[in-house]
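Colleague: I am new to reading models. Could you take me through this one?

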Amino acid sequence: MVQALTTKSGFSIPALGMGLWRKSYKNNLLDPAAKVDAQEDIRERAGLEHAYESGMRLFDTAVMYGWGHSERVLGEFLSDIDRTTAFVTTKIWDDAMDESTMVASVDKSLENLGTDYLDLLLLHRAPSEPFSMETAASGLDACVSAGLVKNIGVCNFGSEKLEQISKLTEHQIVLNQVHYNVKVREAQASGLLDYCSANDVILQAWRPLAYGVVSESDFLADIAARYEATASQVALAWLIQQHQVATVFKSDNPDHIDENLGAVSLELSSEDMALISNEFPGQQAVSDTVPLA
Ligand SMILES: NC(=O)c1ccc[n+]([C@@H]2O[C@H](COP(=O)([O-])OP(=O)(O)OC[C@H]3O[C@@H](n4cnc5c(N)ncnc54)[C@H](OP(=O)(O)O)[C@@H]3O)[C@@H](O)[C@H]2O)c1
């Protein structure tokens with residue numbers, strides 16, 4: 001079983017979870033009616049089942065992942081397990097960042113997921129016109145007050161915006177999900193990691209394997225050899241060994257899922273943690289995909 005991270009405020013989340021973003025969803029970002037590959041559904045469903053049987057409990061989706069399609073695939077899987085054993089996250093898109101639109105969007109997500117509550121609701125990005133931080137904050141609070149959502153958080157927020165929204169919500173912002181891995185170091189370079197650690201906010205890293213690219217890193221493979229581990233395991237362990245850092249990876253491949261789960265029992269020495277922090281080659285101080293807002 002994957003260990004949990006717990007904040008001082010009592011929020012608890014598995015350190016390692018399964019993401020549901022697919023590269024092919026890029027094709028229907030502009031066309032919500034675009035067809036989704038049914039074979040991908042079958043592979044993803046098998047991956048979810050394998051992950052659950054192997055002890056994974058956190059499943060991370062979003063309205064924008066196929067405009068409800070991902071939530072429906074996850075919902076079918078959830079209907080076959082005891083809902084209370086799963087931790088389900090979804091993310092609100094840009095068009096639903098005030099009280100009425102956000103509650104309506106969450107109602108739709110709950111219908112897609114076949115459940116009556118979310119463990120965690122995240123803003124997918126910082127609000128933009130016609131919405132504001134104030135309207136988004138009151139939307140998040142309304143979802144908690146209505147009993148639709150247990151916990152609230154954000155994605156891709158820099159420290160300034162994170163502080164701003166934390167002051168506006170009545171309920172605590174417990175987590176910030178950002179692009180962070182051995183290569184992409186914006187969370188460190190910008191001071192966000194320190195801010196989260198000091199303010200009882202979990203930083204959850206997305207794209208922890210850089211889409212699988214880290215599995216080919218000779219630098220990580222050399223370190224992995226000292227532990228009879230793999231490069232991907234080292235990349236994940238480097239994240240979850242940091243203070244209040246969790247992560248979500250995506251895989252439909254049972255061998256990769258088993259391999260990645262090995263990261264939870266891999267303990268890197270402080271020397272190797274520092275070696276990766278300081279010397280991993282080709283580090284980027286800003287995300288090339290979604291820079292912090
Ligand atoms: N909040 C946001 O803005 C945001 C943005 C992006 C992503 N996310 C979340 O973060 C999750 C994870 O990020 P991601 O899916 O973009 O990237 P990722 O987890 O770094 O990479 C996923 C890719 O890595 C491959 N992979 C997994 N384990 C492997 C291993 N041991 N060896 C080799 N390849 C491996 C997978 O292929 P196989 O299926 O073949 O294993 C898949 O193609 C997403 O699914 C999503 O839930 C959030």
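Some questions and answers on this model follow.

Modeller: This is a predicted model, where local features need pLDDT of at least 70, side-chain atom pairs count only at pLDDT 80 or more, and totals for chains, interfaces and linings use all residues. Residues are numbered from 1 along each chain as its sequence is written.

Colleague: Is I152 buried or exposed?

Modeller: I152 sits in strand β7, residues 152-155. Strands are DSSP runs of E with at least two residues, and helices are runs of H or I with at least four, numbered from the N terminus. A residue is buried if 20 or more other C-beta atoms, placed from the backbone, lie within 10 Å of its own, exposed if 12 or fewer, and partly exposed in between. I152 has 26 such atoms within 10 Å, so I152 is buried.

Colleague: How far apart in space are I152 and V174?

Modeller: Contact means C-beta atoms, placed from the backbone, within 7 Å. Leaving aside neighbours within four places in sequence, I152 is in contact with residues including L121, L140 and V174. I152 and V174 are 22 residues apart in sequence, yet their C-alpha to C-alpha distance is 6.3 Å.

Colleague: How is α3 placed against α4: parallel, perpendicular or oblique?

Modeller: The axes of α3 (residues 99-113) and α4 (residues 133-145) come within 8 Å and cross at roughly 45 degrees. Axes are lines fitted to C-alpha atoms over the stretch in contact, with angles from 0 to 180 degrees between N-to-C directions. Under 35 degrees counts as roughly parallel, over 145 as roughly antiparallel, 65 to 115 as roughly perpendicular, and the rest as oblique. So α3 is oblique to α4.

Colleague: Which peptide bond is cis?

Modeller: Most peptide bonds are trans. P130 lies in the loop between β6 (120-123) and α4. The cis bond, with omega near 10 degrees, runs from E129 to P130.

Colleague: Is D200 buried, exposed or partly exposed?

Modeller: D200 is in the loop between α7 (192-198) and β9 (202-206). D200 has a positive phi of about 60 degrees although it is not a glycine. With 15 C-beta neighbours inside 10 Å, D200 is partly exposed.

Colleague: And Y211, buried or exposed?

Modeller: Y211 is in the loop between β9 and α8 (218-225). Y211 has a positive phi of about 65 degrees and is not a glycine. It has 12 other C-beta atoms within 10 Å, so Y211 is exposed.

Colleague: Which element gives the most to the shell around the ligand?

Modeller: β10 (245-249) and α10 (254-261) each supply at least two residues of that shell. With three residues, the element that gives the most is α10.

Notes: Contact = placed C-beta atoms within 7 Å.
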